[in-house]
Amino acid sequence: MNFGRIFLAKCLLLLFPKAKCTSTINYKAVNETALLSFAAENTHEILWSRDNKRLLEMKDKKIKYYVEKTQCRCKVLLNGTLRIERLVKEDSGIYKVSAYDKNGKLKANETIVLIVLEPVPQPILNAECINKTLYVKCTVKKTEDQVFTIELTQDKISKSQTNVTEVEFTTRHSGRYRCIVKNQVSKKTTEKEIKCPGQLELYLISCIAGGAVFFIVFVILLIYCIRKKKADRLEDDDEERMQIHQVDTEMAMRKLPQPPSNPIPQQTCVQQTPPPQPCIQQRAVPPQPRPRTQLRERH
């Protein structure tokens with residue numbers, strides 16, 4: 001695969017983004033089918049070339065090949081789209097198309113960079129625990145001219161490198177690790193639960209810490225509630241005692257006799273026991289005569 005010419009084409013696209021011709025980059029995997037199309041109407045003649053070498057030409061709906069058809073594995077559709085089947089890495093290159101109308105006026109002039117890549121291999125994930133420290137490694141068997149990115153992640157920890165065969169990092173956290181290998185046409189992942197013997201799990205530490213904090217907060221709230229309830233009870237008792245004391249004081253004040261303001265000696269005599277009545281008042285009353293009705297009843 002000629003990466004030099006592809007790289008040059010990318011540079012030209014960056015240096016001249018406002019050029020009249022239209023340029024695109026198309027990534028495809030090996031053994032897939034590529035459809036290279038362009039935007040034009042009322043075309044009469046279409047010419048496709050690769051790396052400045054003519055591939056085929058369609059004029060008035062008649063196709064003319066400049067290379068062997070079996071070697072090209074390509075054909076042009078009625079709308080001018082170039083179809084390439086069973087792609088191989090050697091099909092990568094710079095494809096150009098020029099389209100004209102019946103008067104020979106240029107209708108389209110486009111450049112398409114086709115890059116054919118192999119699917120990425122399956123990554124291998126290994127780990128080693130030394131002194132409660134994890135050494136996690138993601139390894140990939142790389143072939144010639146193969147470019148991909150390796151990404152090793154665990155929760156929020158991530159490390160990524162391009163154009164290497166392995167990625168490794170050191171950590172003290174056990175958990176689920178993921179190794180991802182990807183390029184523009186494929187992606188493969190390997191996951192594994194990795195634990196270091198004798199290492200307390202992070203989630204277990206979090207649970208214990210959370211439980212301890214919850215217990216401390218609960219005890220503090222319980223003590224606060226008990227003290228507050230006790231204080232309210234003492235306050236109610238003091239208020240009740242004050243009310244009782246006030247009532248007793250009022251009752252005592254009501255029972256005490258009020259001393260006279262100006263005492264007079266004659267008043268003491270009036271309050272003495274009255275003298276005995278004369279004997280005349282103690283004589284018996286003579287009996288009263290009975291009514292006549294009672295006498296008649298006896299007879």
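My entries below go through a sheet, a hairpin, a loop and some ring pairs.

**Entry: before I start**

I remind myself that this is a predicted model.

**Entry: the four-stranded sheet**

Four strands make an open sheet, and their order is S13-S12-S15-S16, with antiparallel pairing. Which strands stand at the edges? I found S13 (157-162) and S16 (187-194) there; each has a single partner strand, so one side of each is left without a neighbour in the sheet. I also checked the angle: neighbouring strands of this sheet are turned by 15° against each other on average, with direction ignored.

Next I followed one pairing. Strand S15, residues 175-182, pairs with S16 in the antiparallel sense, and I noted eight bridges for them. One place to look is Val 181, whose bridge partner in S16 is Lys 188.

**Entry: Thr 190**

I stayed on S16 and picked out Thr 190, which is found in that strand. Is Thr 190 buried or exposed? Its relative accessible area is 16%, so Thr 190 is buried, as the cut-off is under 20%. I then asked which side chain makes a polar contact with the side chain of Thr 190. It is the side chain of Gln 122, at 2.9 Å. Leaving aside neighbours within four places in sequence, I listed the contacts of Thr 190 as Gln 122, Pro 123, Leu 125, Tyr 177, Arg 178 and Cys 179.

**Entry: Asn 183, between S15 and S16**

I moved to the loop between S15 and S16, where Asn 183 has its place. Asn 183 counts as buried, at 15% relative accessibility. What does the side chain of Asn 183 reach? I found the backbone oxygen of Glu 118 at 3.2 Å. With neighbours within four places in sequence left aside, Asn 183 is in contact with Leu 117, Glu 118, Val 120, Val 147 and Phe 148.

**Entry: the S4 and S5 hairpin**

I turned to another pair of strands. S4 (residues 53-59) and S5 (residues 62-65) pair in the antiparallel sense over four bridges. Opposite Glu 57 I found Lys 64 in S5. The hairpin has two residues between its strands, and Asp 60 takes a positive phi there, near 55°.

**Entry: the loop between S1 and S2**

I looked at Asn 31, placed in the loop between strand S1 (22-29) and strand S2 (34-36). Asn 31 counts as exposed, at 62% relative accessibility. How far apart are Asn 31 and Leu 87 in space? I read 4.6 Å from C-alpha to C-alpha, although 56 residues separate them in sequence. Not counting residues up to four places away in sequence, Asn 31 touches Arg 86 and Leu 87.

Thr 33 also lies in the loop between S1 and S2. Its relative accessible area is 31%, and I wrote Thr 33 down as partly exposed. Thr 33 and Cys 74 are 41 residues apart in sequence, with their C-alpha atoms 9.8 Å apart in space. Beyond its neighbours within four places in sequence, Thr 33 has contacts that include Lys 28, Arg 83 and Ile 84. Arg 86 and Leu 87 are also among the contacts of Thr 33.

**Entry: aromatic pairs**

How many aromatic pairs does the structure hold? I found two. Phe 38 and Trp 48 form an edge-to-face pair, 6.2 Å centre to centre with 65° between the planes. Phe 38 sits in the loop between S2 and strand S3 (45-50), while Trp 48 is in strand S3, ten residues apart. Both Phe 38 and Trp 48 are buried.

Phe 169 and Tyr 177 also pair: their ring centres are 6.1 Å apart and their planes are at 40°, so the pair is tilted. Phe 169 counts as buried at 10% relative accessibility, and Tyr 177 counts as buried at 0%.

Note on methods. Residues numbered from 1 in each chain as written. Predicted model: local features only at pLDDT ≥ 70, side-chain atom pairs only at ≥ 80, totals over all residues. Heavy atoms only, no water. Pairing = 2+ DSSP bridges. Axes fitted to C-alpha atoms, helices over the stretch in contact; angles between N-to-C directions. Buried < 20%, exposed > 50% of the residue type's maximum accessible area, 1.4 Å probe, protein only. Polar contact = N/O pair within 3.5 Å; in protein donor to acceptor, adjacent residues only side chain to side chain. Contact = heavy atoms within 4.5 Å. Phe/Tyr/Trp six-rings, centres within 6.5 Å; stacked < 30°, edge-to-face > 60°.
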